[in-house]
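Here are my notes for you to read with the model open beside you. Take them one at a time and find each spot as you go.

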Amino acid sequence: MTVRENVLALLDYKNYDALPIVHFGYWKETLEKWGQEGHIEYSNDRLAEIQLNVPTQQGFDFEWISGYHPDSGLSPEFESEVLSEAPDGTKTFRQSDGVTVVQKPEAGSIPAEIAHLLKDRVSWKKYYLPKLQFSTDRIDRQRLATIPSPADRDMPIILHCGSLFGNIRNWLGVTGSSYLYADDEDLYAEIIDTVANLSYKTIETCLVSGVQFDHAHFWEDICFKNGPLVIPSVFKELVGPHYKKITSLLDQHGINIVSLDCDGMIDSLLPIWLENGVNTMFPIEVGTWHASIAPWREKYGRELRGVGGMDKKVFALDRAAIDVEIERLKPLIALGGYIPCPDHRIAPDAKWDNVCYYAERMRAEFC
């Protein structure tokens, strides 16, 4: 069986030959470090190529979110602009999504947000609404034409369905989105409807093109270590129906595995996604809250699938720690419908040999 066939069978609780060895990419700083250590030849202008080649060198099969991305975001994006630079190199700049941030030199983490262009109905209509209109230019038909038919591909191809709330959270900020719901609920709902309807239209256009996809995938990132950054009841009422509309469309085109990337503790939002057709959680961040598919499966049954949940922190330790982590994963794999994957992009503290050892051990145990 091909990797694609194994993925499809595993997530459908059917017999498979080998567990796919899946990853979720690397921090740029990780690749830079490995280049300095002599494991790879690194250069900034070859970053995309290196990101593609390193997983194969280390023994992974594919990256879970590899696939086709129709443009369902701001189009055109705002022009990125450096607004000021401090003597120590700290920069204040406006991002392509209209958010103003502060970035310290050499900082690899998410920059600090200090201002948001989207604040109210005036800024919505002036700056954002015009950039969220559907056009066939959002669909790269040349790229679609390069996607091989299912019979001619060994790896699964995911159709990216965009974000129904995560980008909105970015544009408004957590505080801004909270205040907007209290101050102007109609505008809050209008923004959600506009974004979701655009996503639906781009997805529909891709599906009717005749290209066949294996899975679909959403991105949100609307939770933190203690829970969601949106009121679950509001999310269920205003966003849930849009998920259902899109997943019903996907099902009409033979796509019954729909995954969603949301970091943080997702437990309060998980049943909303599940009842609206999103059935595969990713990347299942282990975090300080020790997330695992096991209690979710016990609560929601086999309709819930998962990809992720491998504690990547062991890559900074030793082989014994990796062996312990693999033993922890074994009963989760036995549940079916679950593919382990490092729970987020592999960080700079990871040791090259440890990552290779993990892939080697997983292949020896499960392939």
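This is a predicted model: local features need pLDDT of at least 70, side-chain atom pairs count only at pLDDT 80 or more; totals for chains, interfaces and linings use all residues.

1. Let's begin with helix 4, which covers residues 121-128. Which of its residues are buried? They are S123, W124 and Y128. Looking down the axis of helix 4, you'll find these buried residues within an arc of 105 degrees, so they line one face of the helix.

2. On the face away from the buried side sit V122 and K126, which are exposed. And what covers the buried residues of helix 4? The cover includes helix 6 (166-172) and helix 8 (185-207).

3. Have a look at the start of helix 4 too. Its N-terminal end is capped by D120, which places a side-chain oxygen 3.3 Å from the backbone nitrogen of V122.

4. Next come the strands. Strand 4 (residues 81-85) and strand 5 (residues 91-94) run antiparallel and are joined by four bridges. Five residues lie between them in a hairpin, and in the turn G89 has a positive phi of about 95 degrees.

5. Strand 5 also pairs with strand 6 (residues 99-103), again over four bridges and in the antiparallel sense. This hairpin has four residues between the strands, and G98 takes a positive phi near 90 degrees.

6. R94, in strand 5, is the bridge partner of E81. R94 also stands opposite T100 in strand 6.

7. Where are the cis peptide bonds to look for? One runs from S75 to P76, with omega near -5 degrees, and P76 is found in the loop between strand 3 (67-68) and strand 4. Another joins F282 and P283, with omega about 5 degrees. P283 lies in the loop between strand 13 (280-282) and helix 12 (293-300).

8. That loop between strand 13 and helix 12 also holds I284. I284 isn't a glycine, yet its phi is positive, near 50 degrees. Is I284 buried or exposed? It is buried, with a relative accessible area of 4%.

9. D221 is another one to check: it has a positive phi of about 55 degrees although it is not a glycine. You'll find D221 in the loop between strand 9 (215-219) and strand 10 (223-224). D221 has a relative accessible area of 17%, and buried means under 20%, so D221 counts as buried.

10. Last stop: R138, in the loop between helix 4 and helix 5 (141-145). At 5% relative accessibility, R138 counts as buried. What does R138 touch, leaving aside its neighbours within four places in sequence? Its contacts include P70, S72, S75, L132, L198 and T202.

11. Zoom in on the side chain of R138. A polar atom of this side chain lies 2.9 Å from the backbone oxygen of D71, and the side chain of R138 reaches the backbone oxygen of G73 at 2.8 Å.

Note on methods:
Residues are numbered from 1 along each chain as its sequence is written. Side-chain values use heavy atoms; hydrogens and water are left out. Buried means under 20% relative accessible area, exposed over 50%, partly exposed in between (1.4 Å probe, protein chains only). Helices (H or I, at least four residues) and strands (E, at least two) are DSSP runs, numbered from the N terminus. The arc is that of the directions from the helix axis to the C-beta atoms. Contact means heavy atoms within 4.5 Å. A polar contact is a pair of N or O atoms within 3.5 Å; within protein, one must be able to donate a hydrogen and the other to accept it, and residues adjacent in sequence count only if both atoms are side-chain atoms. Two strands pair if DSSP finds at least two bridges between them.
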